[in-house]
2 protein chains.
Amino acid sequence: MVTTRELHELDNILLNTTIKLIKRRATHNLQNLLNKTHVADIARIIHGLRPEERPAVYELLADADKAAGVLKELSAEDRLGFIDSMKEERLAKVLQVMAPDDFNDLLVDFPDEKAEYLLQFVKGAPSEDLLQYEEKTAGYIMTPHFFALPEDTTAEYATQKIRELIDVEMVFYVYVVDDLGKLKGVVSLRQLVATRPQTPLRDLMTTKIYSVNTFTEQEEVARMVTRYNLLAVPVLDEDGILVGIVTVDDVIDVIREENTEDMLKLSGTGEVALESKSVWKNLRARAPWLSVSWIGGLIAVLILYYLSADLTQWILLAAFLPIIMGMAGNVGTQSATITVRGLATGEIQLKEIWRLLLRELGVGAFLGIFSGLLLAGFTWLFFPGVTLLPIVVAFAICANIICAAAVGTLVPMLFQRLRWDPAIATGPFLTTVIDIIGVLDYLLIARILL
Amino acid sequence: MVTTRELHELDNILLNTTIKLIKRRATHNLQNLLNKTHVADIARIIHGLRPEERPAVYELLADADKAAGVLKELSAEDRLGFIDSMKEERLAKVLQVMAPDDFNDLLVDFPDEKAEYLLQFVKGAPSEDLLQYEEKTAGYIMTPHFFALPEDTTAEYATQKIRELIDVEMVFYVYVVDDLGKLKGVVSLRQLVATRPQTPLRDLMTTKIYSVNTFTEQEEVARMVTRYNLLAVPVLDEDGILVGIVTVDDVIDVIREENTEDMLKLSGTGEVALESKSVWKNLRARAPWLSVSWIGGLIAVLILYYLSADLTQWILLAAFLPIIMGMAGNVGTQSATITVRGLATGEIQLKEIWRLLLRELGVGAFLGIFSGLLLAGFTWLFFPGVTLLPIVVAFAICANIICAAAVGTLVPMLFQRLRWDPAIATGPFLTTVIDIIGVLDYLLIARILL
């Protein structure tokens, strides 16, 4: 029986056992362990291994269904890592048994040629149809495997049919359709069980149906399922024909995805892949938002300059304070949001602290040096008289941004370690720390150089 | 059939119809409408009405189950509004049929005497037991209405039992227990349907059970349900005895609640009731976070002052810039986060713009005036020589904070109106707007007064 000895403890035990078994080359034991382990847990084990160890462990999953399940649970980054090294025959087997909506989800992460290459393994599969729908719509996230029967079917026959099913994800409802496939009503599994065998579905079904269209946004689907406490919602095409269902577990994924997005947007982090190890991808997602506050900061410098009556070097120095502190504050908030959200969803774990810190320092260094050069250029252009000022502001903004990235990553990690809530570590608390460090080192650099 | 003509359109239609029927005193028609409407939708209707209209509409819900359902869906604020005006007899009927976890949820919002008063109506109900568990644990959010049978029960008998059930929320699983009530296994409804009638549950059940303890944190429960795609998770006490279940719809509520909390914490807004109309409650939640950046800002002023070589009045003015801009930025981010999150969860609607703006202006005015007085005092204390400076900084911080609260509320609303994503409106974009406005009006006030 699995109780929550906190799930991450379970993860640790499983990962450590796996690593031990790999070292001892105890393939048979490892295979036994994997057979007993849930696909979601296996995905975590694989994520925890070194990239070169992953394909060998994945190969041990003899059952194609299980292998497909694990592939689904893996992050895009992890998946990309070893799909290339898989034998074609094996890949075909795995992809063939994958649920169409999951297969879809997998395809989008790959470059176009690769996606086409993968598609050849599932020719004729209904998943090809799903690709016609736009991302983040009901059509895109639905599964075409639902359970529908005509109105005059008896409860007994329907029950009989359910017994024969293997492919349908989870049966909660029997959908009742007419000859054209139009949705007429819904019968819950419980209603089916609780009635006399000869009752036709027509007499059992509810005609008050909550349904969505293929083009309905996934956010709206989530809102409907949440509001009416549904287990699955039927998806209709323009003609009212039932083409798929969205189940509650997929809705939970949507809710988490949308929440992550909102949170990242709130801190101006764009849709960066949280789990991505790449400094470059991170930069591309975060830089556009920072450029907004960059322009704002420069406008503030000019306003301050032109409106000030007294134009000493110190006034100029002070004029640059908002942009230097603002940029550092924004970068720090971005780092903190990524860390807090990652810790909350479990995508980031405490032991990854060094990897994450390294990436954030990389992002910080790049942004810092770039901002420094740009700000020096700007200063030199607008205030050609003051020779050392460009150097001071360049050093200061660079030092502050790097420092903010580090503090933004470390403080939430520290809070997590102390079992405090990491989310508290961000917001005013973090910006205040960054502000004070910022003012201090700006003035110290100025003192030294001026 | 309900398709998503976007849910908020549905809300509007229902609300407008209700208002029309109230005006026409068409009680009978209104009652018919309510009978056909889902409890979640009725709660929205009631929320949309003026407070004095609400009790009369609620009274029209003849069915106690429906009335209890609506009460559950209402926000704490709305509920508090009319529970007092309800007749005791009616209240007793409604509370008696309420699901115990929902009743619990309702109790916490009331002051202690009121809670005890309410408890007297459900004497002997199992809900009293739930109160022993700490908030935000599995024991607290679980329902004690589950469906458990001994190991030697046949599938046929189990099916028979399900038919007789009315009280159990949603049956997804049959829990198999021993004589002491210890959980031994789980049988899904589908397994039950798919087997021969005489099979004992012992032979059907899965013994690999995902379960939690009563003291497990709700976040951990949500993580387990999400990871393993469960529909319900059994809750055990210290002795392994099954005492309740947490269903997936409650887990979705937990996920949303935790996300809201995290987002509010990220912007330093604490656990403010989003939907609360009270300026005072808002202030109490937000002020502690702001005081952190307040202290930081003052430290920055002093650092700047003591480290600057050149001490003109303009340097002093510049020294106050970070605290003035920082405080305004924080207040603006708080307002924006509340608005963005409220719009996302549907707790705030566009038409409430004036009410929300008024509240935020109230919060802004209070924080602004308070900050202004405090900052003036501080300035006067530390820089007694400069007579007008305290007045300038006081005016500036006050004006900026009020302005930031307004901008932080209006910009996300405007984005929503234009059908852009309101979340983009916050973060760097917002702080930049607030920064520029801040520098401008600070210097203008300084020019006028100095």
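**Entry 1: a salt bridge within chain A**

I began with Asp178(A) and Lys184(A), whose side chains meet in a salt bridge with N and O 4.0 Å apart. By the rule I used, a salt bridge is a side-chain nitrogen of Lys or Arg within 4 Å of a carboxyl oxygen of Asp or Glu. I then looked up accessibility: Asp178(A) counts as partly exposed because its relative accessibility is 21%, and Lys184(A) counts as partly exposed at 35%. For these words, buried means under 20% relative accessible area, exposed means over 50%, and partly exposed lies in between, with a 1.4 Å probe and protein chains only.

**Entry 2: the basis of these notes**

I note that this is a predicted model, in which local features need pLDDT of at least 70 and side-chain atom pairs count only at pLDDT 80 or more, while totals for chains, interfaces and linings use all residues. Residues are numbered from 1 along each chain as its sequence is written, chains are lettered from A and ligands numbered from 1 in the order in which they are written, and side-chain values use heavy atoms, with hydrogens and water left out.

**Entry 3: domains of chain A**

I found chain A divided into domain 1 (4-127), domain 2 (148-253) and domain 3 (272-449). These bounds come from an automatic or database domain assignment. Taken over C-alpha atoms, the centres of domain 1 and domain 2 of chain A are separated by 31 Å.

**Entry 4: the interface of the two chains**

I next asked how many residues each chain brings to the contact. Chain B gives 99 residues and chain A gives 98 residues, where contact means heavy atoms within 4.5 Å. The size of an interface is often given as the accessible area lost when the parts come together. Here chain B and chain A bury about 9200 Å² between them, and 65% of it is on carbon and sulfur atoms. Buried area is the accessible area (1.4 Å probe) that two parts lose on being put together, summed over both.

Across this interface I recorded ten residue pairs in polar contact, both residues being at pLDDT 80 or more. A polar contact is a pair of N or O atoms within 3.5 Å; within protein, one must be able to donate a hydrogen and the other to accept it, and residues adjacent in sequence count only if both atoms are side-chain atoms. On the side of chain B that touches chain A, the residues divide into 52 nonpolar, 24 polar and 23 charged. In this division Ala, Val, Leu, Ile, Met, Phe, Trp, Tyr, Cys and Pro count as nonpolar, Asp, Glu, Lys and Arg as charged, and the others, Gly among them, as polar.

**Entry 5: salt bridges**

Side chains of opposite charge can pair when their charged atoms come close. I found 26 salt bridges over all chains, and four across the interface of chain B and chain A.

One of these joins Arg227(B) and Asp11(A), with the closest N and O atoms 2.9 Å apart. The pair crosses between chains, from helix α15 (residues 218-227) of chain B, which holds Arg227(B), to helix α1 (residues 7-23) of chain A, which holds Asp11(A). Helices (H or I, at least four residues) and strands (E, at least two) are DSSP runs, numbered from the N terminus. Are these two partners buried or exposed? Arg227(B) counts as buried because its relative accessibility is 9%, and Asp11(A) counts as buried at 8%.

Within chain B, Glu360(B) and Arg359(B) form a salt bridge of 3.0 Å, N to O, and both residues are buried. I also noted one network, in which salt bridges that share partners join Arg227(A), Asp11(B), Asp41(B) and Arg44(B).

**Entry 6: Arg227(A)**

I located Arg227(A) in helix α15 (residues 218-227) of chain A; Arg227(A) counts as buried at 9% relative accessibility. A polar contact of 2.9 Å joins its side chain to that of Asp11(B). Leaving aside neighbours within four places in sequence, Arg227(A) is in contact with residues including Leu7(B), His38(B), Ala40(B) and Glu73(B).

**Entry 7: Asn259(A)**

I found Asn259(A) in helix α16 (residues 248-266) of chain A. Asn259(A) counts as buried because its relative accessibility is 5%. Not counting residues up to four places away in sequence, Asn259(A) touches Arg341(A), Asn259(B), Met263(B) and Arg341(B).

**Entry 8: Arg25(A)**

Last, I looked up the backbone of Arg25(A): its phi is near 55°, a positive value in a residue other than glycine. Arg25(A) lies in the loop between α1 and α2 (27-36) of chain A and is exposed, with a relative accessible area of 73%.
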